[in-house]
Amino acid sequence: MDKAANIVKAIYTAINHRDVPGAVALIDDQCCYEDLNFSATFMGKTAVEGLFTESCSSVPADLQFVIDDLAGDEWAVGVTWHVELNGMPFPNGRGVSFYRVSPQSGKLIYGRDCVEPPLKPGKAAFAIIRWVTPLVRYWLGRSRRH
């Protein structure tokens, strides 16, 4: 786990110091980065740099990512994390991420971030899924026919 874990820890440290060039230096040119807060995937190092730049310039300097747990192997790790503001846990500021490092470049080739939602639907989520499922089936069926 050392290679992937060290790369991910270094990226978090760079982001926490608002050192975008330092973080981007650890990103592979062909990186695919999915932040589930966004509808589009960030494809390539330049797109990931844009995400990191906007993220770092949009939040206060004392908002920091803290790794809670990290598990995986040499080339891939899963991370649970939370955000702190001035050393205090930020409300609804938890997340889970998965990262993969390229054996060829030794840099981050894939990332996916899933952030805790600000609104928690609880059991209502099951009702929403039941309500939406027929619509999804209909639209998926239509797209297969075309």
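This is a predicted model: local features need pLDDT of at least 70, side-chain atom pairs count only at pLDDT 80 or more; totals for chains, interfaces and linings use all residues.
**First stop: the cysteines.** Select Cys 32 and show its side chain. Its sulfur has its closest cysteine sulfur in Cys 31, at 6.9 Å, which is too far for a bond, given that a disulfide needs the two sulfur atoms within 2.5 Å. Cys 32 has a relative accessibility of 18%, so it counts as buried. Now move to Cys 56. This residue is in no disulfide either, and the nearest cysteine sulfur, again that of Cys 31, is 15 Å away. Cys 56 is buried too, with a relative accessible area of 10%.

**Second stop: the sheet.** Switch to a cartoon view and colour the strands. Six of them make up an open sheet with mixed pairing, and the order to trace is β2-β1-β6-β5-β4-β3. Pick out residues 42–43 (β2) and 63–72 (β3): these strands stand at the edges, and each has a single partner strand, so one side of each lacks a neighbour in the sheet.

Next, select residues 88–101 and 108–115. These are β5 and β6, an antiparallel pair joined by seven bridges. Within this pair, show Arg 100 and you will find Tyr 110 of β6 opposite.

Finish with residues 45–58, helix α3, which lies across β1 and β2 and runs at about 50° to β1.

Methods: Residues are numbered from 1 along each chain as its sequence is written. Side-chain values use heavy atoms; hydrogens and water are left out. Buried means under 20% relative accessible area, exposed over 50%, partly exposed in between (1.4 Å probe, protein chains only). Two strands pair if DSSP finds at least two bridges between them. Helices (H or I, at least four residues) and strands (E, at least two) are DSSP runs, numbered from the N terminus. Contact means heavy atoms within 4.5 Å. Axes are lines fitted to C-alpha atoms, for helices over the stretch in contact, and angles run from 0 to 180 degrees between N-to-C directions.
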